[in-house]
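Hi everyone, thanks for making time. I'd like to walk you through one model this morning, so please have the viewer open.

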Amino acid sequence: MESHEGDIMRLPINSEEHTFNNWEVKYKRSHILHSKCSNEKGCGDDLSETCLFCLYTRMLELPHMPDMVFPNNQLILKHVSGCSIEFNALDALKRVSNGRLAIKIACADAWKESRMESGHLDEVKPFDWTFTTDYTGTLTGDFSVTTTETRIDLDKLRRRERILFYHDLLLFEDELHDNGTAVCSVKIVPPSRLIDPSEVAQILPLVSSCYEKLSLPTVKQGTGEGAAVAV
């Protein structure tokens, strides 16, 4: 994701990076998105020169954005082969449905009836107001993505390992008009800090699942021959 930082040069950006074997892990964290255009004269049509607010507004085309969006929060995992996996708010919000949503709250019928009487119902653009996203990261490089029958090794999750690097990076959050909370975040944790999926399923029933394997190229030291490694 291209960074548009011209309108926030005076605000701090926290970053940290670590190298583990063939991977470089880096995160960047900063403030929430402005609630309006930061340019006094407004932004033009050139996206490369727009402020972050206008960039998000034009690229997402959602009726409104979450209460808190962190446009400069990024987590990047880069392999020595040049392939990388990035997590950012813009790409996550691109996966939010911009059509009708079947979820209704208790007062939905009363709200709809009041809008019909005022004649303003047609002005409401339907979209996924829960901001549900199936975002799994932005891939860059010569990745190969294939469906797999391999499942998470639960025994490995239970191992107690030394914590080398931990971070919880928030991408966006919304209070859903006091009807709950939607949070999209990404965590870098050692396997022992992960929760057994069977325990989560007791609270959040599994609706759908998708298992994929990422295969990336690597170069053997001193030979120049290509190989592949799965992650």
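Let's begin at K187, which is partly exposed, with a relative accessible area of 45%. The side chain of K187 meets that of D168 in a salt bridge, 3.6 Å from N to O. K187 belongs to strand β9 (residues 182–188) and D168 to strand β8, so this pair ties together parts that are 19 residues apart in sequence. D168 is partly exposed as well, at 34% relative accessible area. Please keep in mind that this is a predicted model.

Is H167 buried or exposed? Its relative accessibility is 12%, and the cut-off for buried is under 20%, so H167 counts as buried.

Another of them joins R95 and D134, with the closest N and O atoms 2.7 Å apart. This pair links distant parts of the chain, 39 residues apart: R95 is in the loop between α2 (89–93) and α3 (108–118), and D134 is in the loop between α3 and β6. R95 is partly exposed at 48%, and D134 is partly exposed at 46%. Then there is D91 with K94, where the closest N and O atoms are 3.6 Å apart. In that pair D91 counts as buried at 16% relative accessibility, whereas K94 counts as partly exposed at 41%.

Now the sheet. Five strands form an open sheet in the order β1-β2-β4-β5-β6, with antiparallel pairing. Which strands stand at the edges? They are β1 and β6 (138–140), each with a single partner strand, so one side of each has no neighbour in the sheet. From one strand to the next, the twist averages 15°.

At the β1 end, β1 (residues 14–20) and β2 (residues 23–29) pair over seven bridges, and S15 stands opposite K28. The two strands form a hairpin with two residues between them, and N21 in the turn has a positive phi of about 55°. At the β6 end, three bridges join β5 (residues 84–88) to β6, with I85 opposite L139.

Zooming out, the chain has five helices and eleven strands, and 30% of its 231 residues are buried.

Methods:
Residues are numbered from 1 along each chain as its sequence is written. This is a predicted model: local features need pLDDT of at least 70, side-chain atom pairs count only at pLDDT 80 or more; totals for chains, interfaces and linings use all residues. Side-chain values use heavy atoms; hydrogens and water are left out. Two strands pair if DSSP finds at least two bridges between them. Helices (H or I, at least four residues) and strands (E, at least two) are DSSP runs, numbered from the N terminus. Axes are lines fitted to C-alpha atoms, for helices over the stretch in contact, and angles run from 0 to 180 degrees between N-to-C directions. Buried means under 20% relative accessible area, exposed over 50%, partly exposed in between (1.4 Å probe, protein chains only). A salt bridge is a side-chain nitrogen of Lys or Arg within 4 Å of a carboxyl oxygen of Asp or Glu.
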